[in-house]
Amino acid sequence: ATETPMIADNAKEYAKSSPSRELVQPLDIANAVLYLTSPAGRMIRGIELLVDGGEIAGFHQGQRTQQT
């Protein structure tokens, strides 16, 4: 989840359920956009870049993987 005013009341619970144990910050998303629009990202085309703190990777068949 991304930390926004909309989830402020439940931010700690969202962070606990994230594999990274923290919320995505708006700056994290901005940095990804900046990279993709910079000379360093000039050859990157047609991808879906997830800035989710490992949220998608943390699920397997609807269950969270074991955290170490």
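## Order of elements

Helices (H or I, at least four residues) and strands (E, at least two) are DSSP runs, numbered from the N terminus. Helix α1 spans 11–17, while α2 covers 26–37 and β1 covers 59–60.

The model is predicted: local features need pLDDT of at least 70 and side-chain atom pairs count only at pLDDT 80 or more, whereas totals for chains, interfaces and linings use all residues. Residues are numbered from 1 along each chain as its sequence is written, and side-chain values use heavy atoms, with hydrogens and water left out.

## Burial and surface of the chain

Of the 68 residues in the protein chain, 16% are buried. Buried denotes under 20% relative accessible area, exposed over 50%, and partly exposed the range in between (1.4 Å probe, protein chains only). The accessible surface of the protein chain is about 5,500 Å², and carbon and sulfur atoms account for 58% of that surface. These areas come from the Shrake-Rupley method with a 1.4 Å probe; for residues, only the protein chains shown count as cover.

A nonpolar surface patch is formed by Y35, L36, I47 and L49, with about 360 Å² of accessible area together. Patches consist of residues with over 30% relative accessible area and no salt bridge, like charges being joined within 9 Å and nonpolar side chains (Val, Leu, Ile, Met, Phe, Trp, Tyr) within 5 Å. A salt bridge places a side-chain nitrogen of Lys or Arg within 4 Å of a carboxyl oxygen of Asp or Glu.

## Contacts across the sequence

Among contacts (heavy atoms within 4.5 Å) in the protein chain between residues at least 6 apart in sequence, 38% join residues at least 24 apart.

A1 belongs to the segment before α1 and is partly exposed, at 37% relative accessibility. Residues up to four places away in sequence not being counted, A1 touches I7, Y14, L23 and V24. Its C-alpha atom is separated by 9.5 Å from that of V51, although A1 and V51 are 50 residues apart along the chain.

## Helix α2

D28 lies in helix α2 and has a relative accessible area of 36%, so D28 is partly exposed. Beyond its neighbours within four places in sequence, D28 contacts L23 and V51. D28 and T2, 26 residues apart in sequence, have a C-alpha to C-alpha separation of 9.2 Å. The side chain of D28 also reaches the backbone nitrogen of Q25 at 2.8 Å.

A30 is likewise in helix α2, and with 39% relative accessibility A30 counts as partly exposed. The C-alpha atoms of A30 and V51, 21 residues apart along the chain, are 9.8 Å from each other.

## Loop residues

R21 occupies the loop between α1 and α2. Although R21 is not a glycine, its phi is positive, at about 65 degrees. R21 is partly exposed, with a relative accessible area of 45%.

D52 is placed in the loop between α2 and β1. At 18% relative accessible area, D52 is buried. The side chain of D52 reaches the backbone nitrogen of G54 at 3.0 Å.

Technical notes
A polar contact is a pair of N or O atoms within 3.5 Å; within protein, one must be able to donate a hydrogen and the other to accept it, and residues adjacent in sequence count only if both atoms are side-chain atoms.
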